[in-house]
Amino acid sequence: MIRIFRSLQYLFGRSRHDADLLEEIEAHRALRQDALARDGLAPEAAARASRRALGNVAIAVDETHDIWAIRAIDNASHDLRAALRGLRKSPGFALVAIGTLALGVGANTALFSIFNSLILRQLPVRDPGSLALLTNGSWSYPIWREIRAHETELFDGAFAWSGQRFDLSTGGQTELVDAAYVSGRFFDVLGVTAIRGRMLTPADDGGAAPDGPVAVISHRLWRQRFAGANDVVGRQLTVQRIPFTVVGVMPAGFFGPDVGRMTDVVLPFAAEPLIRGKESRLARTASWWLQIMVRLKPGQSVEQANAALRGLRLEPLFAARTSNPQPLTLAPAATGNSALRGRFQTPLVVMVVVVGLVLLVACANMASLMLARTLARRRELSVRLALGSSRWRLARLVLIESLIVAAAGAAFGLAFASWSGGLLVRQLSTAQNRVSLELGFDWRVLAFTAALASLSTIVASVAPMLGMKRVGAGESLKNAGRAIAGIAVFPRAVRSSSFRLRCRSCWSSRRDCSCARSRRSPSCRSASRRSRCSSWS
Amino acid sequence: MGLTNAPSDLLPGTLELLILKALVGGAKHGYGIVEHLRLASDDVLRVGESALYPALQRLLFNGWVKAEWGTSENNRRARYYTLTARGRRQLAAERAEFDRMIGAIQQVLGTT
């Protein structure tokens, strides 16, 4: 293992390594030249002679490359092949171990990927770190209108949205999708650009929208409802029985500002009176239905933003909302807004811990399987030891075997996780509240799975490595020999040939074993010799 | 003064043994090792000078010696090699093996 590490070190710093070697050889040549000059040679002759004394430096550099790189890689690939062969020889063990681990790793990865997308992952927008959410519930449109009037002087930008469910059917059965009303600069402030057509602009949100009632649709809706048609821009989309013109498609992976909701249709606030008619909430001061987010100016802290916001003196507008009005407070919102988060954070953490324990059990299982396998392989291992393999080499074999099992387990675990993760998310949905979570396996999830696999490798190989200490060279050969000799009915010829085989193995394994001499002598086959030989082996 | 670069006609593996032995006395750079071998063998053993370096690298790779940059007699940067604890063990083991081998060869040559 140390050698593999050295080789990797070499492979990454190869040019440096070669330069060092050349410098060293050049220093050598200079010393030789000085010595020759002291012996009375002219400087040029000494330089030439010193070069001749060195011989072919290029070959020497080449040879060192072989030493550092090729040999270690050879060793590693040899170990890998040996481990694969060992696993192929016991497919039952391999299947059970990989299966156990796949379930353990899969369950963990599935939960972690939910945890990751719900709690850890940042919104897929420009610079999510500078977004801040107006906390403590929902807000009315008049409050938003006040903030919007000052958005560029107080912040880098601000936007409001309100999650809705809309019926897209033109008649007949209703087709409900998750949607949202957004303010005009919503996409502009988030920094999300259209993959087809354009996004909404402040003009769409104004009174006299140039294109009439417009809508932006999600990548998913575009693929599902419009079959990914290139001419989707300009087509009609019926929302709550009112025709809208599709002006753009959002990029894949952008689900809106609400984590756990796939916002399929986005309309400007200007469309709200069209849909709700006299019921419109735009002018109502006591309708609390908006979420508001701001983008902080570069260098602006959340506290400064809070102070700026409170400077607007908006308290009269929301004093009636609760009996105990809190001052307006922004909170960092790099990970977006989510109603699910508050509801599921604690249960999720508990489940992650529980499933972690399940993995630990799976690891312990695999460790005992590996240990049992090592004990069952005592004979093979002791033959290897007798043939001159070092204990470290055997330990490496066990380690690489567990590594292969863990890697295969992790691979199957990932496949299992992508299936079970989706299943779990669907379980969270209710009829009123559809939960849609993008469970992309990003680097965090992959790193998590890799960490699980390495952890299980270590846990699973410690016990067998310790168990291997008890395996002695040639010990099981002795037992096998005795067992054969003990069967009296065994034909004499077979017995003696098995003995010869045993003798040969100790002849080749121990160069200094005097067994070799006894093998040549005719009395080798006698019973007394046999017992002596077994004590040598 | 030998000016040849004849390939080492030593027994295979002997060069490493000799280098390890040469380093018992303390840290040496490559040139120092070559000169030590030449002087200690009364000019009989002449190591192919660039062949020394792959051998040194093999010792480094196995962790039997370690290398440190220092300044040589003529004020150049030179790599000095020192024996490690594992190197000492290896030297003892190889030396025993070598003695056994030479003994066996002599025994064979001695039989009539």
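**Entry 1: ground rules.** I am working with a predicted model, where local features need pLDDT of at least 70, side-chain atom pairs count only at pLDDT 80 or more, and totals for chains, interfaces and linings use all residues. Residues are numbered from 1 along each chain as its sequence is written, while chains are lettered from A and ligands numbered from 1 in the order in which they are written.

**Entry 2: where A meets B.** I looked up the contacts between the chains and found 27 residues of chain A touching 21 residues of chain B (in contact: C-beta atoms, placed from the backbone, within 7 Å). On the chain A side, the elements giving two or more residues are α1 (2-12), α2 (14-38), α3 (43-54) and α4 (57-89). Helices here are DSSP runs of H or I with at least four residues, strands are runs of E with at least two, and both are numbered from the N terminus. α2(A) gives the most, with 11 residues. By class, I noted 14 nonpolar, 4 polar and 9 charged residues on this side of chain A. Nonpolar covers Ala, Val, Leu, Ile, Met, Phe, Trp, Tyr, Cys and Pro; charged covers Asp, Glu, Lys and Arg; the others, Gly among them, are polar.

**Entry 3: chain B on its own.** I found 4 helices and 3 strands in chain B, in the order α-β-α-α-β-β-α from the N terminus. Of its 112 residues, 30% are buried (20 or more other C-beta atoms within 10 Å of the residue's own, C-beta atoms being placed from the backbone). I also checked contacts between residues at least 6 apart in sequence: 51% of these join residues at least 24 apart.

**Entry 4: a helix pair in B.** The axes of α1 (residues 14-22) and α2 (residues 30-40) of chain B come within 10 Å and cross at roughly 100 degrees. Axes are lines fitted to C-alpha atoms over the stretch in contact, with angles from 0 to 180 degrees between N-to-C directions. That makes α1(B) roughly perpendicular to α2(B) (65 to 115 degrees). B:L18, B:I19 and B:A22 meet B:I33, B:H36 and B:L37, giving 5 nonpolar residues, 1 polar and no charged.

**Entry 5: a helix pair in A.** I then turned to α16 (residues 391-428) and α17 (residues 443-468) of chain A, whose axes come within 8 Å and cross at roughly 150 degrees. α16(A) and α17(A) are therefore roughly antiparallel (over 145 degrees). Their contact includes A:L394 and A:G413 of α16(A) and A:T449 and A:M468 of α17(A). I counted 15 nonpolar, 7 polar and no charged residues in it.

How values were computed:
Two residues are in contact if their C-beta atoms, placed from the backbone, lie within 7 Å. A residue is buried if 20 or more other C-beta atoms lie within 10 Å of its own, exposed if 12 or fewer, and partly exposed in between; C-beta atoms are placed from the backbone. Angles under 35 degrees count as roughly parallel, over 145 as roughly antiparallel, 65 to 115 as roughly perpendicular and the rest as oblique.
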